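Visitor: I would like to learn how to read a structure like this one. Please show it to me first.

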Amino acid sequence: MIQLPEAFREKMKRLLKEEYDSFIDSYEMERVQGLRRNPIKITQEEFERLSPFHLKKIPWVKEGYYYSGQERPGKHPYHEAGLYYIQEPSAMAVVELLDPRPGETILDLCAAPGGKTTHIAGRLKGEGFLVSNEIHPARAKILSQNVERLGVKNGVVTNEDSHSLSQYFPEFFDRIVVDAPCSGEGMFRKDEAARLQWSPDHVNLCAKRQGEILLNAAAMLKPGGVLVYSTCTFSPEENEQVIEEFLLSNDDFSIEDMGERQGLSEGRPEWSKTGRKDLKKTFRIWPHKTEGEGHYLAVLKKADRDSGKIKRTEPEYCKDALIIKEAEKFFQDILVDPASYLIRKEYILFGDQLYLISPEMIQFKGMKVLRPGLHIGTIKKNRLEPSHALALALKKEEIRQWVDLPAAGGEIIRYLKGETLSEDGLSGAQLEKKGWVLMNVDGYSIGFAKLAGGILKNHYPKGLRWM
Ligand SMILES: C[S@@+](CC[C@H](N)C(=O)[O-])C[C@H]1O[C@@H](n2cnc3c(N)ncnc32)[C@H](O)[C@@H]1O
């Protein structure tokens, strides 16, 4: 039996009244598990054909599935190939409501470990620009790894606080997600730390921080843009009351009417301070009503008007002709049709690391950036050694030399463990000469190897290798 803080129980009883018993009973039910297909890598049809898991569609999100609690999709080669992201089902509603479209500029302000970010990236389909920000350095690193694993080409990862970030991107984004740090009451079923940390004071502290983050986010939204605010907590102080307080001082914002949505319940105006009726148009996900842990969501729209358009400042592109030539030579050497990577000349050099930059990227001097774009590789004495991120962003059809290993066989496990493989006896491979080879699992890229003398030297990153 889960030990819930007594003050939390009392508060929920007061708020939920006759609904309280079924709410509390939901803590004794088995947690539901979810994963989200990554459309950058795999179509729905292919995914459903290949998946070895027992999947059931999640009704409120196109790419979402429940899987059985007995299964371990996080420990499967398809996971390392970025075919899906494991995510709590109710959290998937956030990007469903944000509805990002290819070509748009999007900000995910509190982004680690990357659930919403990878969902957004999938919807952008490689077109447009995504900035994923996380304040904590260690969590920003995990975010960056997930962006890489899912093969995202048009994403930037930053490590700023929301106020500093707003100085770089005034009125810049078409859509913004603020998946705010919260008291995590919706996570009590799976997260003991959240239960232990909870107190009424902590709820109030979270609410204050959420208000500040939301204000900074609002300053980065274009006129006419859409912002989704979300938390995984039930407390009105962090939900309806944050939105109420924000709208009081930001009359150019209004709550969007998203209509009824399957699995989502109405917001609760009676739990706000002023009782404003439009809070009904915000959403709650309850664990006793829906198969998910619990969430709050509000879709806010900024009024359209002429903005004082801040001019985009160009970043400092790499102008070193030798390095650019080397990158071009590399792509000509490994790709079937290098044009897609050679059309754009927007390379950036970070020390000896080469990145390909989205055309929307701004001058970022002084900003803490972990990943300014697609990591191409390391420049070593004017030779380019490709990055793991590039392997995951490439498709088997794009590359001259590849090896394709079945997920059910032992060789893929040997590759993931960092072992050397021999060219002999591989069931699926297209190998012509020594050099870089894209390794795949059932046709989906998973890393690089380097062929020499019939041996495939393993370039799967040491930090990711299976033990
Ligand atoms: C709910 S989590 C985000 C989950 C993430 N959106 C996802 O889907 O994977 C909130 C994040 O906000 C970060 N955070 C904490 N304080 C913050 C602040 N003052 N400004 C911005 N982000 C903050 C936390 O480190 C945490 O990673």
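Visitor: Which residues does C232 touch, not counting residues up to four places away in sequence?

Guide: Keep in mind that this is a predicted model. C232 touches A91, C182, G184, G186, M187, E293, G294 and H295.

Visitor: Where does C232 lie?

Guide: C232 is in the loop between β9 (221–231) and α11 (240–249). An unreviewed UniProt entry lists C232 under "active site", and such annotations may be inferred rather than shown by experiment.

Visitor: Is C232 buried or exposed?

Guide: A residue is called buried if 20 or more other C-beta atoms lie within 10 Å of its own. C232 has 27 within 10 Å, so C232 is buried.

Visitor: What is the strand order in the open sheet of four strands?

Guide: Strands of a sheet pair through backbone hydrogen bonds, either parallel or antiparallel. Here the order is β2-β3-β1-β4, and the pairing is antiparallel. β2 (55–57) and β4 (84–86) are at the edges with a single partner strand each, so one side of each has no neighbour in the sheet. On average, neighbouring strands of this sheet are turned by 35° against each other, direction ignored.

Visitor: How many bridges join β1 to β3?

Guide: Four bridges join β1 (residues 33–37) to β3 (residues 64–67). In this pair, Q33 stands opposite Y67.

Visitor: Which residues are closest to the ligand?

Guide: The closest are C110, A112, G115, D179 and P181, out of 18 residues that surround the ligand. By type, the shell divides into eight nonpolar, four polar and six charged residues.

Conventions: Residues numbered from 1 in each chain as written. Predicted model: local features only at pLDDT ≥ 70, side-chain atom pairs only at ≥ 80, totals over all residues. Pairing = 2+ DSSP bridges. Helix = DSSP H or I, 4+ residues; strand = E, 2+ residues; numbered from the N terminus. Axes fitted to C-alpha atoms, helices over the stretch in contact; angles between N-to-C directions. Near = placed C-beta within 6 Å. Nonpolar A, V, L, I, M, F, W, Y, C, P; charged D, E, K, R; others polar. Buried ≥ 20, exposed ≤ 12 C-beta atoms within 10 Å, placed from the backbone. Contact = placed C-beta atoms within 7 Å.
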